[in-house]
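The sequence and structure come next, followed by short sections on the chain and on selected parts of it.

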Amino acid sequence: MAGARIERIVAAARSNKAQLYAYFGNKEKLFDTIFFGSLERIVNVVPIDADDLADWAVRLYDEYLRRPDLIRLATWARLERRPAGHLVDDHDRMDDRKLRAIAEAQAAGRVREGDPFDVMAMVIAMSMAWSPVSNVYAATAEESPEVHERRRALLRECVRRAVVAE
């Protein structure tokens, strides 16, 4: 999976693997550059709205349809490089704004009690129900709009019920 992406980068750069690896240091550093750039994209393209975590989950679902390669990269990193614990070393930097937003919504009584990280992780996991890494079914952007709308509605309602304060 990562190898195919590297091959595309090599072709686009009109270079060869040796030159590309020399520039980045090695294959692992090249992967890290691609991977962390992808994480930044997900964080910035789909900003959290802690007052509407259900909508955030739906927007994540849509981003997985638009960019299935991003979630595949994260899954490869999880399987091959970080099988346990946080996916990245500087998770505090990546998650800080999201966790603060969830904690503030909890303090205001809009989001159920619980560890903000656990709430965030659950919403993200729910958003991935039909993602390219689902072990049940991987959705594609080519499926009918009606199918996606049905999934979005179900996801929105399930997340809302899971996170809204009682």
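## The chain as a whole

Among the contacts in the protein chain with a separation of 6 or more, 62% are between residues 24 or more positions apart; contact means heavy atoms within 4.5 Å. The model is predicted, so local features need pLDDT of at least 70 and side-chain atom pairs count only at pLDDT 80 or more, while totals for chains, interfaces and linings use all residues. Residues are numbered from 1 along each chain as its sequence is written, and side-chain values use heavy atoms, with hydrogens and water left out.

The secondary structure consists of 8 helices and 0 strands, where helices (H or I, at least four residues) and strands (E, at least two) are DSSP runs numbered from the N terminus. Of the 166 residues in the protein chain, 37% are buried. A residue is buried under 20% relative accessible area, exposed over 50% and partly exposed in between (1.4 Å probe, protein chains only). The accessible surface of the protein chain is about 9600 Å², and 54% of that area belongs to carbon and sulfur atoms; such areas come from the Shrake-Rupley method with a 1.4 Å probe, and for residues only the protein chains shown count as cover.

## Helix 4 and helix 5

Helix 4 (residues 53-66) packs against helix 5 (residues 68-80) at an angle of about 95°, with the axes 5 Å apart. Axes are lines fitted to C-alpha atoms, for helices over the stretch in contact, and angles run from 0 to 180 degrees between N-to-C directions. The two helices are therefore roughly perpendicular to each other, a term that covers 65 to 115 degrees.

On the side of helix 4, the contact involves Glu-63, Tyr-64, Leu-65 and Arg-66, which meet Pro-68, Leu-70 and Ile-71 in helix 5. These residues divide into 5 nonpolar, no polar and 2 charged.

## An aromatic pair

The count of aromatic pairs comes to 1; rings of Phe, Tyr and Trp (its six-membered ring) pair if their centres lie within 6.5 Å. Tyr-61 and Trp-130 form an edge-to-face pair, 5.8 Å centre to centre with 85° between the planes, edge-to-face being over 60 degrees. Tyr-61 belongs to helix 4 and Trp-130 to the loop between helix 7 (116-127) and helix 8 (145-163), so the pair ties together parts 69 residues apart in sequence. Both Tyr-61 and Trp-130 are buried.

## Met-122

Met-122 is found in helix 7 and is partly exposed, with a relative accessible area of 32%. Leaving aside neighbours within four places in sequence, Met-122 is in contact with Ala-162 and Val-163.

Note on methods
Angles under 35 degrees count as roughly parallel, over 145 as roughly antiparallel, 65 to 115 as roughly perpendicular and the rest as oblique. Ala, Val, Leu, Ile, Met, Phe, Trp, Tyr, Cys and Pro count as nonpolar, Asp, Glu, Lys and Arg as charged, and the others, Gly among them, as polar. Rings of Phe, Tyr and Trp (its six-membered ring) pair if their centres lie within 6.5 Å; planes under 30 degrees apart count as stacked, over 60 as edge-to-face and the rest as tilted.
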